[in-house]
Amino acid sequence: MKQSRSLLIRRVPASYVWLIHRLLLALVMLAVVSVLIFCATQALPGDVARIILGKEASEAQLALVRSQLRLDQPIWSQYLSWLLGVLNGDFGQSIVARVPVFDLIVPRVGNSFLLVLLSMGLAVPVSICLGLLTASWKDGLTDRVLMGAGVIVNALPEFVLALLLILLLSTNVFHVFPAVSLLSPGTSIWAQLDRLVLPVVTLFLLQTTYLYRLVRGTVIDVLNTEYVQFAALKGMPNRVILFRHVLPNSLVPAIQAAGTIFAYSVGGIVVVEYVFGFPGLGTALADAVGTRDIPVVQAVVLTIAVTFFVVNIVTDLLSFWLTPPGRAGR
């Protein structure tokens with residue numbers, strides 16, 4: 001039996017073993033994160049039963065609510081009950097809104113993902129173009145100016161950059177876009193795109209100034225390889241070298257970085273949405289923490305965590321597909 005199992009493992013390419021290992025590791029880490037989320041939210045101050053019934057509730061009423069919500073059970077039993085509900089698509093009921101949490105956060109998930117997708121849809125091609133150009137013009141004036149601007153933008157906290165854009169584009173300087181991104185209920189979000197511009201631009205600047213520098217560094221490394229230098233010595237035009245040899249070899253690190261930036265953008269969008277008042281996951285989380293709406297906090301944080309792991313798995317799969325089988329396991 002051991003010999004046949006050993007032969008089976010040997011027949012599986014190392015690249016597939018690496019990929020399976022990454023998937024299993026992601027599932028284990030996600031389980032650990034779910035435990036941490038549940039324990040952290042249970043440690044928040046405040047009595048859930050008291051929040052629901054108010055200060056005038058009697059002890060008997062409080063005990064009844066705690067029993068209905070299973071708050072009187074051991075924490076491990078509460079966790080298992082919550083986890084089984086999540087796996088079945090039941091995140092519980094909002095303490096404040098008194099509606100299912102799933103119905104409450106689904107529209108906000110769509111709003112937040114729309115912001116991130118729009119910004120990433122602009123940031124990725126712009127970053128690739130800037131990375132190629134600045135790597136070709138290494139240490140030139142354009143390269144130094146863009147590098148300095150990128151470092152300054154990345155050094156600014158999200159809320160500072162958002163406030164600067166509001167001062168520049170939503171006040172008497174240039175009153176072009178609304179400073180607040182509140183969406184009108186009952187109106188399609190596509191009819192209110194002007195309210196998305198400032199949040200999208202904020203995310204776009206943060207994403208681009210980081211991603212383009214990574215692409216630039218990768219392109220410079222590829223330009224210094226022997227086969228690229230040999231192609232230049234043969235008289236091959238620079239445009240052909242960049243797009244036929246350099247760009248394909250720079251895509252894998254760029255895809256991995258873009259996936260990481262996407263995941264961090266979903267998690268870090270809290271501040272940007274709060275500044276602009278945009279109805280997304282960020283404002284839902286901020287409001288839920290302020291009102292001790294624990295089921296909503298758990299659902300939003302778990303959604304962000306799942307997004308992070310799913311995006312990383314997808315980028316691993318894309319990198320695995322683009323990387324030759326012999327190199328994927330290295």
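Modeller: Begin with confidence: pLDDT is the predictor's confidence in each residue, from 0 to 100. This is a predicted model, and the mean pLDDT of the chain is 78. A value of 70 or more is reached by 84% of the residues.

Colleague: Which elements have the lowest and the highest mean pLDDT?

Modeller: The lowest belongs to helix 14, residues 325–328, with a mean of 44. The highest belongs to helix 6, residues 101–136, with a mean of 88. Over residues 324–330, pLDDT stays under 50. For that stretch the model has eight contacts beyond four places in sequence.

Colleague: How many helices and how many strands does the chain have?

Modeller: There are 14 helices and zero strands.

Colleague: What share of the contacts joins residues 24 or more positions apart?

Modeller: Take the contacts with a separation of 6 or more; residues 24 or more positions apart account for 72% of them.

Colleague: Next, the surface. What percentage of the residues is buried?

Modeller: A residue is called buried under 20% relative accessible area. In this chain of 330 residues, buried ones make up 36%. The chain exposes about 18800 Å², and carbon and sulfur atoms supply 68% of that area.

Colleague: How many aromatic pairs are there?

Modeller: The rule looks at rings whose centres lie within 6.5 Å, and the count comes to six aromatic pairs. One of them is Phe-113 with Phe-262.

Colleague: Why is the pair of Phe-113 and Phe-262 called edge-to-face?

Modeller: Planes over 60 degrees apart count as edge-to-face. The planes of Phe-113 and Phe-262 stand at 70°, with ring centres 6.1 Å apart, so this pair falls in that class. The two residues are 149 apart in the chain, with Phe-113 in helix 6 and Phe-262 in helix 11, residues 238–276.

Colleague: Are Phe-113 and Phe-262 buried or partly exposed?

Modeller: Phe-113 is partly exposed, because its relative accessibility is 22%. Phe-262 has a relative accessible area of 11%, so it counts as buried.

Colleague: What other pair can I look at?

Modeller: Phe-308 and Phe-309 also form an edge-to-face pair, 6.0 Å centre to centre and with 90° between the planes. Phe-308 is partly exposed at 27% relative accessibility, whereas Phe-309 is buried at 17%.

Colleague: Which residues do ring pairs link into a cluster?

Modeller: Phe-38, Tyr-79 and Trp-82 are linked in this way.

How values were computed:
Residues numbered from 1 in each chain as written. Predicted model: local features only at pLDDT ≥ 70, side-chain atom pairs only at ≥ 80, totals over all residues. Heavy atoms only, no water. Helix = DSSP H or I, 4+ residues; strand = E, 2+ residues; numbered from the N terminus. Buried < 20%, exposed > 50% of the residue type's maximum accessible area, 1.4 Å probe, protein only. Contact = heavy atoms within 4.5 Å. Areas by Shrake-Rupley, 256 points an atom, 1.4 Å probe, with all protein chains shown as cover. Phe/Tyr/Trp six-rings, centres within 6.5 Å; stacked < 30°, edge-to-face > 60°.
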